[in-house]
Amino acid sequence: MVRRAPPNPLDEQARSVTLAFLDRAPLGAPEQVTAAVRKALLHDSPNLRRGDFDRISTVDLEVLFELYDQHAFGRCLADALSGTQPRLRMSRRMTRSAGLTTIRRGQVRTHAGVAPWRWFDVAISVPLVLGAFRDDPRPVHVAGRLCHDRLDVLQRVFEHELLHVFESLCTGRSSCSGAAFRKLAWDLFAHTESRHEMISPTQRRWIDSGIRPGDAVRFSFEGHTRVGRVNGIRQRATVLVRSLRGRLYDDGVRYAKYYVPLSHLTRVDDHRQAPADSDR
Ligand SMILES: [Zn+2]
């Protein structure tokens, strides 16, 4: 995912460096490149000692950036960024997208006058990367490639975001649904898909439970059976149960609201037979 920004003169130099790279890309077979990055990261990173790591920091992402720039991009990212790195960070708040690259361009006033300014931010989701394989050992696909551990997931997500950085440096914009992006993703990293939505652990629980918003469900509360309808699902399901003492909703019916773990819900065929005041 990437947010667009207006063009900036800094892009001229970046464009020539990245176009020169495209003439010699790819530098090696994708599987060998990504395996070399993995091996070097496990050796060099301060936190990552095994594929299913439990901690990760900005420094790990900086090491990862260096390794990908060296092995996959022939140092062209550092050249195009004039020796700098994007801001790299782990985000606890990103739960829908595993990665997000943001580019901002503008101008800053200096003692020598006005200078162009450009800023890249690459954020990687903590919940989606560190949550992978935690409760569910099944392999997952990211970017169309099978991932067996958290490092596989991190690498695929990071590769996708680096492609956004590269394409933005090359053309001033980036879209992972575009043909150029998808070709480069295949050539460099053998990605067969360029969407980067991952199933979160929470979404995995919904899928496994088979319960969806709108379903009629039954659950037990303080020793009584309640029947209601699922109004939403986050960590827990929000279930609305008809109740004379509840809040009046748009459909003219009063409901009491319950937050129930998905594992405590049983789907029922229909709840219209439920008593009008089932929390009596
Ligand atoms: Zn994308």
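## Overall make-up and confidence

The chain contains eight helices and 11 strands, as seen in a predicted model. Of its 280 residues, 33% are buried, and among the contacts in the chain with a separation of 6 or more, 60% are accounted for by residues 24 or more positions apart.

The pLDDT averages 86 over the chain, and 88% of the residues score at least 70. Residues 273-280 have a pLDDT below 50, although this stretch has 14 contacts in the model beyond near neighbours in sequence. Where pLDDT is low, the predicted coordinates should not be read in detail.

In the loop between α1 and α2 lies P26, and the peptide bond from A25 to P26 is cis, with omega near -5°.

Helix α3 (residues 58-71) also has 14 residues, and from its first C-alpha to its last it reaches 20 Å, close to the 20 Å expected at 1.5 Å a residue. Its buried residues include L61, V63, L64, F65, L67 and Y68, and also the acidic residues D60 and D69. The elements that cover the buried residues of α3 include the helices α2 (30-44), α4 and α6, together with the strands β2 (87-91) and β4 (113-125).

In soluble globular proteins, nonpolar side chains tend to be buried together. The largest nonpolar core here has 51 residues, of which L64, Y68, I124, V129, V157 and F166 touch the most other members. Helix α6 (residues 150-171) contributes the largest share of this core, with 11 residues. A second core of 10 residues is separate, and V217, V227, A237 and Y258 are among its members.

## The five-stranded sheet

Five strands, in the order β10-β9-β8-β7-β11, form an open sheet with antiparallel pairing. Strands β10 and β11 are its edges, each pairing on one side only. Strand β7 (residues 216-221) pairs with β11 over two bridges in the antiparallel sense, and V217 stands opposite R267 in β11. V217 is also one of the residues of the second core.

## Loop positions and backbone angles

The loop between β10 (254-260) and β11 (266-267) holds S263, which counts as exposed because it has 9 C-beta neighbours inside 10 Å. S263 and A237 are 26 residues apart in sequence, and their C-alpha atoms are 9.7 Å apart in space.

Two residues other than glycine take a positive phi: A190, with a value near 55°, and E222, with a value of about 50°. A190 is found in the loop between α7 (179-189) and α8 (201-209), and it counts as partly exposed because 17 C-beta neighbours lie inside 10 Å. E222 belongs to the loop between β7 and β8 (224-233), and with 6 other C-beta atoms within 10 Å it is exposed.

Terms used
Residues numbered from 1 in each chain as written. Predicted model: local features only at pLDDT ≥ 70, side-chain atom pairs only at ≥ 80, totals over all residues. Helix = DSSP H or I, 4+ residues; strand = E, 2+ residues; numbered from the N terminus. Buried ≥ 20, exposed ≤ 12 C-beta atoms within 10 Å, placed from the backbone. Core = buried A, V, L, I, M, F, W, Y, C linked by C-beta atoms within 7 Å. Pairing = 2+ DSSP bridges. Contact = placed C-beta atoms within 7 Å. pLDDT = per-residue confidence, 0-100. Expected span 1.5 Å × (residues − 1).
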